[in-house]
Amino acid sequence: MSLQWRHRLFSYGVVVPFAIVLAFPFVWMAVTSLKPQNEVFDPAHTWSFHPTLASWGFLFHHTAYVQWLENSCFVGVTVVIITLAIAMPAGYALARLAGRVGRSLGVAIFLTYLVPPTLLFLPLSRVVAQYLHLSDRLWALIVVYPSFTIPFAVWLLMGFFKSIPQELEDAALIDGCSRFGALVRIVFPISMPGILTVVIFTFSLVINEFLYAITFISSSTNRTLTVGVPTDLIRGDLFNWPGIMAAILIPSIPLALVYNAFLNRFIAGFTGGAFR
Amino acid sequence: MAAVAASGGSRLGRLRYVTERRGFLATLLISPAVLFIAALVGVPLVLAIYLSFTDATAGSLSGRWVGLGNFRADLHNPIFRGALWHTFLFTVISQAVVIVCAGLLAHALVRSFRGRWLLRFLILLPWAAPIALTAIGFLWFYDPSSSIFNWFLVHLHIVSAHGVPNWLGTPRAAMSSIITVQAWRTIPFATVIFLAGISSIPQEVDDAAAMDGATGFKKFWYVSLPLQLPIAIVAVLFGIIFTATDIVVPYILTNGGPFNSTQVLTTWAFQTGINAGNLGEGASIALFMLPLLAFVTVGMLVFARRAEVT
């Protein structure tokens, strides 16, 4: 009993302070977002102020924020679809059909995920403008983003498909199903939780992306969230801090909730590809 | 398979026969992914290497061949040398902090206790929220006149109201400030992976260690640590590559300033290649990340394999 209490004390003693420190920035964002403009910089109103939703309203009615949200979601959904269409077959084949070559190839594909955008953005900026003629178009992002979502998704899916018992597929094959049929009718439906995990993490990678978005997109209406907020919500030297804080919180909180819900599956897939 | 082959007279049957062959089907399913990656990672990578040997400027993908000229110019430029050093500091210090904090947190989170779900959610927030947005939040937390951090420092009587630091405005404080944000946002990721490493140790190993009288620090050092090490190292390698090649945090918070005191490779490559339009020189700056990438790749291969063997 006493040992258990010691463990518990250790857990709370470490986790609670860390949670407070790590989450505090979000608390302060929420507080700031509710302050009226004239009290933001006033030290007398650091904690006591007249709460208002004015800045939230400003964000939706007087800025292009909704447009950026839409752009981000449009790019996100399209990239998720492209990623799944390419990564699901590849992940399956690497897990099941390609044998030892498949393992090495899987690792090789995963390693391309490590090649940073900061190394590729300069040549890509010219390729996008000169050869694809997609400067300042959301489609530029849709074409380029799968370059990092596909390696990541192939790796996760490979891990998920490996965890499905081979017998299930064999049974379907014996019952006269073609390999492709077994894939569509047996393997994909069973892997639904894994596929959903890939959808969520791919979407969040896309929402997070900053460098390509700031390099390829130049006009305000075509911006995504991560670029629109830092470039357009700052008017000259005037920062509308409450509005900016609201703009940060709106996508962050739902993303974090979904993230948290799917985290265990994500880890299983992430480490499953290599460590099994 | 044989049954399918027997009915393979019709065209459809033959098609089916072909798609039933493992090797063919595997190639068919894998090649779109490989082609896509080759086109959008392989080709730009080769182009980046090519560009770094030319004097290409914005608006074109070709320039005069200048050999090692760009690299020589980089190495003679004090700003570049500073950027190399800052990248090193930014990466090593932030990841050292991350290892210590995440190690502690993972050990504290491994057993279940009341409120764990909520606490884990709070700890995950910095990693789950888009960093390009939360970094702007820190622009406000570091505000020279109304920094909330300074409010705490003053009210805890750590500094006087007149001597508060200007977090992003002075060279030394600026470097610490961006390192703090990078550590803040990487801790959750490392914690989660460390946690997976600890949880993967079978209960029997723990029991056996306890039976042999290993407790506390000894058990951690001789039993738990060696077993978790491969996964932990993979997490650290990830942290290193994502930090050394990251542009978001330095770009948004300081963009290399004040006086280039936080200039890292990525921000300097961006300023040279995009803002100043010297594509070739910018590419040569970014290319200095390649040796690190190679190092991390080899490390990953070695330790991922070891993790599998143990």
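I took each axis as a line fitted to C-alpha atoms over the stretch in contact, with angles from 0 to 180 degrees between N-to-C directions. The model is a predicted one.

Entry one: a helix pair across the two chains. I looked up helix 1 of chain A against helix 6 (residues 116–128) of chain B; their axes are 8 Å apart and the packing angle is about 45°. Helix 1 of chain A is therefore oblique to helix 6 of chain B. The crossing is left-handed. By class I got 12 nonpolar, no polar and no charged residues.

Entry two: the whole interface. I found 76 residues of chain A in contact with 74 residues of chain B. Helix 1 (residues 2–33) of chain A gives the largest share of chain A's side, 16 residues. That side of chain A has 58 nonpolar, 15 polar and three charged residues.

I checked helix 7 (residues 146–162) and helix 10 (residues 192–208) of chain A; their axes come within 10 Å and cross at roughly 160°. Angles over 145 degrees count as roughly antiparallel, so helix 7 and helix 10 of chain A are roughly antiparallel to each other. Helix 7 of chain A passes helix 10 of chain A in a right-handed crossing. Among the contact residues I noted A:Phe148, A:Phe152 and A:Phe160 of helix 7, and A:Gly194 and A:Thr197 of helix 10. The classes here are nine nonpolar, four polar and no charged residues.

Definitions and conventions:
Residues numbered from 1 in each chain as written. Chains lettered and ligands numbered in written order. Predicted model: local features only at pLDDT ≥ 70, side-chain atom pairs only at ≥ 80, totals over all residues. Helix = DSSP H or I, 4+ residues; strand = E, 2+ residues; numbered from the N terminus. Parallel < 35°, antiparallel > 145°, perpendicular 65-115°, else oblique. Left-handed = near helix turned anticlockwise from the far one by under 90°. Contact = placed C-beta atoms within 7 Å. Nonpolar A, V, L, I, M, F, W, Y, C, P; charged D, E, K, R; others polar.
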